[in-house]
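Student: I have a model open and want to check the terms used for it. Can we take them one at a time?

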Amino acid sequence: MQRVNLSTVSKFVFVGLSDAPEIRLLLFVLFLLVYLATMAGNITLLVAIGTDSHLHSPMYFLLGNLSLLDLLCPTVTVPKMLGALLLEHKEISFSGCLFQHFSLITVVGTEIFLLTVMAYDRYVAVCHPLRYPSIMSRTLCAQLAVGTWATGLLNSLLHTSLVFTLSFCGPNKIQQYYCDIPPVLALSCSSTHSRELVILVVAGVLGSSACVVTVVSYIYILLEILARNSPGIWHKAFSTCGSHLTVVCLFYGTTICTYVRPSFTYSPHWDRIVSMLYGMLTPLLNPIIYSLRNKEVKCALKRVISQVRRAL
């Protein structure tokens with residue numbers, strides 16, 4: 001059987017968000033402002049966690065990792081999208097598309113597992129407060145963080161190898177503003193059914209496992225709250241877990257809509273909207289959610305902002 005050259009398609013072309021010049025300029029300004037705000041919010045949160053001794057705890061160490069992921073996620077896709085909107089440079093090389101895809105799936109996978117670790121951290125904080133320092137030691141936190149990044153990396157290697165070892169010899173227009181799994185699979189000349197099945201199974205097993213651990217953690221938290229039944233326990237528990245629970249719902253909602261479904265349900269217009277929510281809005285909202293719900297973070301951010309003002 002004749003082997004198909006995988007580099008038949010040497011570049012891809014993003015269809016983009018709009019072809020009207022006035023709309024493109026408006027979208028460029030809007031997304032640039034959102035991107036800059038996302039960068040500023042997450043960098044400020046990272047600086048606050050790194051410089052404030054009050055935030056040198058397992059919870060904030062994990063939150064720092066989340067902020068780093070929220071910096072990487074839009075950085076993988078947004079600069080290329082801004083270039084396409086402003087300069088109409090919509091092309092990306094095959095290797096560039098592969099790298100963008102690999103980086104994005106790494107970030108997505110790592111964030112799923114990191115949110116699971118953060119759920120376990122909240123479980124220990126609520127259900128075993130006296131043993132919390134010994135259970136969530138620095139060594140364990142470091143191991144859990146490394147494990148989430150390693151698992152996200154391996155998961156991305158698998159997905160990227162499944163997608164980019166297909167044959168691409170026909171259309172090269174990606175119905176999206178970045179190289180994502182569904183629109184790239186739609187361009188393949190070869191059959192994608194078996195690989196889609198593997199992707200769905202792997203994503204389903206890993207995603208459902210992470211989701212189960214998160215849900216079980218919050219079930220134990222709820223049972224602990226009901227068992228104590230002390231005054232103010234609900235308010236204290238919500239202040240401890242509310243930010244993480246909000247971020248989990250936002251992340252899982254947009255991620256499931258984007259990835260956990262077969263390709264025949266793929267809708268370019270709908271996927272662009274959902275991708276915007278996941279790729280741009282979620283990283284923007286995460287530091288806001290944590291800073292609004294957490295007094296320690298708010299105090300640390302105020303100190304960082306005052307130090308910056310004095311320096312300027």
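Tutor: Start with two helices. Asn155, Leu158, His159, Ser161, Leu162 and Val163 in α5 meet Arg195, Val198, Ile199, Val202, Ala203 and Leu206 in α7. Contact means heavy atoms within 4.5 Å. The residues of this contact divide into eight nonpolar, three polar and one charged. This is a predicted model, where local features need pLDDT of at least 70 and side-chain atom pairs count only at pLDDT 80 or more, while totals for chains, interfaces and linings use all residues. Residues are numbered from 1 along each chain as its sequence is written, and side-chain values use heavy atoms, leaving out hydrogens and water.

Student: Why is α5 called roughly antiparallel to α7?

Tutor: The axes of α5 (residues 138–164) and α7 (residues 193–228) come within 10 Å and cross at roughly 165°. Angles over 145 degrees count as roughly antiparallel, so α5 is roughly antiparallel to α7.

Student: What makes Gln100 buried or exposed?

Tutor: Its relative accessible area is 5%. Buried means under 20%, exposed over 50%, partly exposed in between (1.4 Å probe, protein chains only). Therefore Gln100 is buried. Gln100 lies in helix α3 (residues 94–127).

Student: Which residues is Gln100 in contact with, leaving aside its neighbours within four places in sequence?

Tutor: Phe14, Val76, Thr77, Lys80, Ile92, Tyr178 and Cys179. A polar atom of the Gln100 side chain lies 3.1 Å from the backbone oxygen of Val76.

Student: How much of the protein counts as buried?

Tutor: Of its 312 residues, 46%.

Conventions: Helix = DSSP H or I, 4+ residues; strand = E, 2+ residues; numbered from the N terminus. Polar contact = N/O pair within 3.5 Å; in protein donor to acceptor, adjacent residues only side chain to side chain. Axes fitted to C-alpha atoms, helices over the stretch in contact; angles between N-to-C directions. Parallel < 35°, antiparallel > 145°, perpendicular 65-115°, else oblique. Nonpolar A, V, L, I, M, F, W, Y, C, P; charged D, E, K, R; others polar.
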